[in-house]
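Q: I'd like a close look at one part of this model. Take me through it slowly, and then show me what it packs against.

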Amino acid sequence: MRCPAFESLIKDMKKNEIDKEHYSFVYNGFQFDTILSIVTGGYEILVAIHTHNWGCVLKMDDDFIVDMPDNKYFELCRILKLNYAEDGFNSSKFLKMLSEKAPNILIDKALNILIYVHIFHIAM
């Protein structure tokens, strides 16, 4: 599955010489913690649901192609109580959502911009 939504975040990470970025999101009532890492030969995405002691490491190449192992997909379906036949949930849908939930720029940088705008607004 090609996940181009990661591209802007990765560009910002490289520009700022940051090799890991954390973000989280909620889906189907579960909080996912995600770490995107720049590694030799591409990228790794660590995805976890801590409340169910579930996680996996997904490899992504320089063309933003990510594959999810079948066993991890079926474990995730069991935890989320979803399946393809009834819900249309598949690994491509999950990977697309995973990439679209990623921030477009580094989170710390985004917070700094918001703080700056807030302080600037107060100062005016």
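Predicted model: local features only at pLDDT ≥ 70, side-chain atom pairs only at ≥ 80, totals over all residues.

A: Residues are numbered from 1 along each chain as its sequence is written, and side-chain values use heavy atoms, with hydrogens and water left out.

Now the helix itself. H1 covers residues 7-15; helices (H or I, at least four residues) and strands (E, at least two) are DSSP runs, numbered from the N terminus. Leu9, Ile10, Asp12 and Met13 of H1 are buried (under 20% relative accessible area; exposed is over 50% and partly exposed in between, with a 1.4 Å probe and protein chains only). Looking down the axis of H1, these buried residues fall within an arc of 160°, so they line one face of the helix. That arc is taken from the directions from the helix axis to the C-beta atoms.

What does H1 lie on? H1 goes across S1, S2, S3 and S4, at about 50° to S2. Helix H4 (residues 91-100) packs on the sheet as well, touching S1, S2, S3 and S4, and its direction makes about 120° with that of S1. Contact here means heavy atoms within 4.5 Å; axes are lines fitted to C-alpha atoms, for helices over the stretch in contact, and angles run from 0 to 180 degrees between N-to-C directions.

The sheet is open, with four strands in the order S1-S2-S3-S4 and antiparallel pairing. S1 (20-27) and S4 (54-60) are the edge strands, each with a single partner, so one side of each has no neighbour in the sheet. On average, neighbouring strands are turned by 20° against each other, direction ignored. Two strands count as paired if DSSP finds at least two bridges between them; S1 and S2 have eight, and S2 and S3 have seven. In the hairpin of S1 and S2, with two residues between the strands, Asn28 is another residue with a positive phi, near 55°. S1 has a covered face of Glu21, Tyr23, Phe25 and Tyr27, and an uncovered one of Lys20, His22, Ser24 and Val26. In a regular strand, side chains alternate between the two faces of the sheet.

A nonpolar core is a set of buried Ala, Val, Leu, Ile, Met, Phe, Trp, Tyr and Cys residues joined through side-chain atoms within 4.5 Å. The largest one has 35 residues, of which Phe6, Phe32, Phe94 and Leu98 touch the most other members. H1, S1, S2, S3, S4, helix H2 (70-80) and H4 each give two or more residues to this core, and H2 gives the most, with five. Leaving out residues up to four places away in sequence, Phe32 touches Tyr23, Phe25, Trp54 and Phe94, among others.

H2 has its own buried residues: Tyr73, Leu76, Cys77, Ile79 and Leu80. They cover an arc of only 165° around the axis, which puts them on the same side of H2. The face turned away carries the exposed Asp70, Phe74 and Arg78.
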